[in-house]
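Me: I am new to this structure and would like to learn how to read it. Could we start with a helix?

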Amino acid sequence: MTGYIHSIYNGGMVDGLGIRSVVFLSGCPLRCLYCHNPDSWVKTSGERRTVDDVVSEIQMYTTFHKASGGGVTFTGGEPFMQAKFLTELLRACKEKDIHTAVDTSGHTKLENAKHALPYTDLLLLDVKSINPTIYKKITGANINPVLDMLRLSFELNIPTWVRYVLLPGLTDDIDDIKALAEYLRPFKNVKKVDVLPFHKVGEYKWHEHKLDYKLSETLPPSKELLETVREILNLSR
């Protein structure tokens, strides 16, 4: 089986446990305001590669993976835009005893997730906001699929990290943050809420592709606000 790979970074340390190979699959249905990979939105924008080829590259770094408790993380784009390819990559990695993680927005058919999650050791689920209006403003999409994915991860008991980008003016409302903390409380499979400060590292890509970047004047959150939000969201973990 073949699919489109935007890029592979070997040496990632923020996309799951330990040192990881991070595989960026091409294609994404969302148009997040702060996306740092707009060049990966189109599914055919990457290089067409086989499952065996990708897994062989990952295996070159298994010494580092094993020594650090790491593995491979499949991200994007949105990896579920190539759901069958993703599932086969995960299956092949598990056959090689490689720890697997999937970083997803949750925007896919649940049937796709049901095929992939049995081969997933860690789910990184991007929850942009629990407020449906804010969620749509950030992504241009409906919040329901991400909540469906969260419930499925609970049913299948998949260890999950929720990822939350702290974006001043949109996701920094303390009432919304407390509401998210309460919503997540019953999900005992959520082991961590990873609060990520907004940054503009990928802004230049928007300009290169002649896209309208609306956050040029937005500043990163203060350290004080970041610590406050991390405390609220991880209080019950």
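Reply: This is a predicted model. Take helix 5, residues 132–139, where I134, Y135, I138 and T139 are buried.

Me: Where do the buried residues of helix 5 lie when seen down its axis?

Reply: They fall within an arc of 115 degrees, so they line one face of the helix. The general idea is that an α-helix has 3.6 residues a turn, so residues three or four places apart point the same way. On the other side of helix 5, the exposed residues are P132, T133, K136 and K137.

Me: What do the buried residues of helix 5 pack against?

Reply: Their partners are helix 6 (144–155) and helix 7 (174–184).

Me: What is found at the start of helix 5, and what just after it?

Reply: At the start, a side-chain oxygen of N131 comes to within 2.9 Å of the backbone nitrogen of T133. Just after the helix, G140 has a positive phi of about 80 degrees.

Me: How is the length of helix 3 checked?

Reply: A helix is expected to span 1.5 Å times one less than its number of residues. Helix 3 has 13 residues (83–95) and should therefore span 18 Å, which agrees with the 18 Å between its end C-alpha atoms. Its buried residues include F85, L86, L89 and L90. Just after helix 3, D97 takes a positive phi of about 60 degrees.

Me: How do strand 7 and strand 8 run, and how many bridges join them?

Reply: Strand 7 (residues 160–166) and strand 8 (residues 190–197) run parallel, joined by seven bridges. In one of these pairings, R163 has D194 in strand 8 as its bridge partner.

Methods. Residues are numbered from 1 along each chain as its sequence is written. This is a predicted model: local features need pLDDT of at least 70, side-chain atom pairs count only at pLDDT 80 or more; totals for chains, interfaces and linings use all residues. Side-chain values use heavy atoms; hydrogens and water are left out. Helices (H or I, at least four residues) and strands (E, at least two) are DSSP runs, numbered from the N terminus. Buried means under 20% relative accessible area, exposed over 50%, partly exposed in between (1.4 Å probe, protein chains only). The arc is that of the directions from the helix axis to the C-beta atoms. Contact means heavy atoms within 4.5 Å. A polar contact is a pair of N or O atoms within 3.5 Å; within protein, one must be able to donate a hydrogen and the other to accept it, and residues adjacent in sequence count only if both atoms are side-chain atoms. Two strands pair if DSSP finds at least two bridges between them.
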